[in-house]
Amino acid sequence: MAATSHLSRVWRGGELRKFQVSCQFLPGANRSFPQKRRPWPQCFSASASIATYMLTPPQVNSILKANEFSFKVPEFDGKNLSSVMGFDSNQLPANAPIEDRRSAATLLQTRGMLLGVFDGHAGCACAQALSERLFYYIAVAMLPHETLQDLENAVESGRAVHPLLQWHKHPHDYYSREAQALYFSSLRTFWQELLDLGCPGDQPTVSEALVCAFKRLDNDISLEAQVGDPNAFLHYWVLRVAFSGATACVAHVDGSDLHIANAGDGRAVLGVQEPDGTFSALTLSNDHCAQNEDELQRLRQEHPPSEAKTVVRQDRLLGLLMPFRAFGDVKFKWSIELQKRVLESGPDALHENEHTKFIPPSYHTPPYLTAEPEITYHRLRPQDRFLVIGSDGLWETLHRQEVVRIVGEYLTGVHQQLPITVGGYRVTLGQMQGLLQERKARVSSTFEDQNAATHLIRHAVGNGEFGQVDDERLSKMLSLPEELARMYRDDITIIITQFNPNVLGTQQS
């Protein structure tokens, strides 16, 4: 059961959560599954083995703001001509190191902006590769035939190549320099094949380009692991990327056209401002997991009737993996023979890895997993004020309606003073007074955060019994040691994109 636990997902807070290991696999780790999240009172009860302490407000803010990043679209002649005003992003680790990644970039050869959240499992390697590579594949897939030809001619003749992307990165975002030559070689092969298959005048749609890019990058991750590399470090790296996995939720915004490409259980939710000033949530992606009946039907149709009872067990793919779509995870895609051949020729460090040697049960007709994204299109309207893309660590903590309320109030500075409800709980006058004081403090506390994603993480981690930020809970959750943090929450990664209603109103008229 030890190897099984590497990919298991556990039940937490009424929802299924991933159980992930750190970027360095843990051979021999023995974790039973499914597990249940410990209830809050037990989590911080007096115990000789678990020592907790209160962080000061400056310490809490330092932790919450360590990975925040903001980008504002520049104005021209005092006007913002883009439908995107800017975005805020942030990450809060639970794993050590964090297995989530994020990316944002402006397309320079075509139009629009790309924003993506990548949620890794069984290590951070696959999510890291996606954060560096996927947007380049999308950019190439969107290029018209003539531009692709110009790109190839420039590389062939040794001339400077016009950049495809303008990245918007946090200064501490990791960048794997050693793999860049390999990554460029694979990307060039991709555009060469697009040239060979296409004709002058060809111009793919955004949806076609997104699907093509997702599938091709996943194929390249698999091929690079099979071929290997003479460089020992690169050989080990491409195998780590392929044997770990990651889900991806990507948005492409161009004027009023919004496309979401999702593979896995990340989620994109639109914040819509109603005429009365309140905010409602419009979900623009579907979770690819056992709670999605269409996904269950797809999986069962792709495999023989004899596997109907084994392809999904305990709400997991082959009883192991929670998401039904993901990059990497070649243990769910390659034949057993191919897995054994690649591992036998791989570095010694891989042979000692319990996870890579483990063969899933009832493994008869691979592939069981795909990275093909589901595409959702939405035409933006003036009332569509912002988009929240988040890893499942966010959505398992807060309901989507609560997410858009928190963000909407933060961005507008208008707090909806709705009647206090306590969900059927009996409260004392003292408790009610505390809730009213919290409501009063919430308005001023908004200005503690200069980043909407930070503000949302503060609410997600410090979510109190009645929906307010519980400072004591927030402090204790952030003070948990690394080996315990993952038992109570997942990595959280958020990108909040704010739209320009004036530009959207002009484009609709």
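**Ground rules.** I worked on a predicted model, in which local features need pLDDT of at least 70 and side-chain atom pairs count only at pLDDT 80 or more, while totals for chains, interfaces and linings use all residues. I numbered residues from 1 along each chain as its sequence is written, and side-chain values use heavy atoms, with hydrogens and water left out.

**Entry 1, the sheet.** I took helices (H or I, at least four residues) and strands (E, at least two) as DSSP runs, numbered from the N terminus, and I counted two strands as paired if DSSP finds at least two bridges between them. On that basis 6 strands form an open, antiparallel sheet in the order β3-β4-β17-β16-β10-β11. Its edge strands are β3 (69-72) and β11 (279-283), each of which pairs on one side only.

I then looked up I494, which sits in strand β17 (residues 492-499). I494 is buried, with a relative accessible area of 0%, where buried means under 20% relative accessible area, exposed over 50% and partly exposed in between (1.4 Å probe, protein chains only). Taking contact as heavy atoms within 4.5 Å, and leaving aside neighbours within four places in sequence, I found I494 in contact with D88, S89, N90, V388, I389, G390, L394, A453, L456 and I457. For L394, which is 100 residues from I494 along the chain, the C-alpha atoms of the two are separated by 7.7 Å.

I counted a cavity as a set of points, on a 1 Å grid over the protein atoms alone, where a 1.4 Å probe fits but cannot get out, with lining residues having an atom within 4 Å of a point. Grid points are joined across faces, edges and corners, and a volume is the space filled by probe spheres set on the points. The structure holds 7 cavities of 30 Å³ or more, and the largest cavity has a volume of about 80 Å³. Among the residues that line the largest cavity are F69, S89, W167, H168, D173 and I495. The elements that give two or more residues to this lining are β4 (84-92) and β5 (100-107), and β5 gives the most, with 3 residues.

Buried residues in α7 include L210, F214, L217, I221 and A225. Just after α7, G228 takes a positive phi of about 75°.

I noted a cis peptide bond joining A96 and P97, with omega about 0°, and P97 is found in the loop between β4 and β5. The peptide bond from P366 to P367 is also cis, with omega near 5°, and P367 lies in the loop between α12 (354-357) and β15 (374-379). L318 is not a glycine, yet L318 has a positive phi of about 55°; L318 lies in the loop between β13 (316-317) and β14 (327-328) and counts as buried at 0% relative accessibility.

Terms used:
1 Å grid on protein atoms, 1.4 Å probe; cavity = no way out; pocket = protein on both sides within 12 Å on 5 of 7 lines; lining within 4 Å.
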